[in-house]
Amino acid sequence: MYSFKYQKPVSISDAQACLAKGSESKLLAGGQSLTAAMKLRLSSPKELIDLSAIAELSGIKIGNGEVTIGAMTRHADVASSASLRTHIPGLANLAGGIADRMVRSMGTLGGSLANNDPAADYPAATLGLGASIVTNERQIKADDFFLGMFETALRTNEIITSVIFPVPTRSAYAKFKHPASRYATVGVFVAEFNGVVRVAVTGAALVVFRVTELEKVLSQRFSSESIAAIKVDESALNSDLNADAAYRSHLITRMAMQAVDSLQA
Ligand SMILES: Cc1cc2nc3c(=O)[nH]c(=O)nc-3n(C[C@H](O)[C@H](O)[C@H](O)COP(=O)(O)OP(=O)(O)OC[C@H]3O[C@@H](n4cnc5c(N)ncnc54)[C@H](O)[C@@H]3O)c2cc1C
């Protein structure tokens, strides 16, 4: 490790002030991606601003047809929230399938979205549910947030404070996971809002994306048979050691069918 300054603000305004004063600062959430990047020298911030003492950034609130989850809420807390399980079980299940216990007890919703790993799970739920990302400056719709691989609409020094998820009629996530890391080789989140279906895919391309063809067919007939013959264009899909583009295209349809079937039982 190399030396860097460490700050631990206790409010969002304190964190903002730290960011404004410092240069080459980085926010630290659970450190699950950032500290690994620092060890590898892929990131060398001069200052870390640890968000873990800011109580207002954690917690799950439910009301008015929405669930608001604080940016510093750990995956384990999302997975074990009884009220979330009642309102958006698909999201709680997704959180419970991230990585392993150690990562789930440290990793955060805000860190995952800001990092925007192309194989991360939360981007699929955030886009699939049509959530809004709330920052210290504004609200950003999920459809406008995920710009590219590890790239988001966040501005320099912008802090994600929470995410607002509309409560769907039903939703589910199915993931074909990498056996070691449990990142998504392909993950598909399906959400239905009074007959209108959204489908978001992670792991398959450089950035999470929606599949309008699946959405259209599922909005007309919510059954796995209705989408079995749909083949997502593989030209923009990833090929790597784990799966080539054709296999990922196949997995998108299969995972979408699995998610739909899990909601029919
Ligand atoms: C072994 C391993 C396996 C994993 N498997 C999976 C998996 O199966 N599925 C999955 O989805 N993920 C997986 N992850 C990722 C993990 O779930 C974390 O969500 C992710 O690493 C982000 O970690 P963090 O929340 O600790 O953020 P950090 O690492 O602390 O921060 C990540 C980035 O986000 C920025 N940031 C953090 N919080 C905010 C904020 N509030 N506002 C603005 N910017 C912010 C930081 O500055 C940094 O750039 C895995 C990670 C590991 C180490």
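**Exercise 1.** Find out how the side chains of R221 and E225 meet, and at what N to O distance.

*Solution.* Step 1: the side chains of R221 and E225 form a salt bridge, with 3.4 Å from N to O. A salt bridge needs a side-chain nitrogen of Lys or Arg within 4 Å of a carboxyl oxygen of Asp or Glu. Step 2: R221 has a relative accessible area of 47%, so it is partly exposed, while E225, at 55%, is exposed. Here buried means under 20% relative accessible area, exposed over 50%, and partly exposed in between (1.4 Å probe, protein chains only).

Before going on, note that this is a predicted model, where local features need pLDDT of at least 70 and side-chain atom pairs pLDDT 80 or more, while totals for chains, interfaces and linings use all residues. Residues are numbered from 1 along each chain as its sequence is written, and side-chain values use heavy atoms, leaving out hydrogens and water.

**Exercise 2.** Work out which parts the salt bridge between R170 and E192 ties together.

*Solution.* Step 1: the side chains of R170 and E192 meet at 2.5 Å, N to O. Step 2: R170 belongs to strand 11 (residues 170-177) and E192 to strand 12, so the bridge ties together parts 22 residues apart in sequence. Strands are DSSP runs (E, at least two residues), numbered from the N terminus. Step 3: R170 is partly exposed at 27%, whereas E192 is buried at 8%.

**Exercise 3.** Name the residues linked with D143 in a network of salt bridges.

*Solution.* D143 is linked with R198, R210 and E215. In total, the structure holds twelve salt bridges.

How values were computed. Helices (H or I, at least four residues) and strands (E, at least two) are DSSP runs, numbered from the N terminus.
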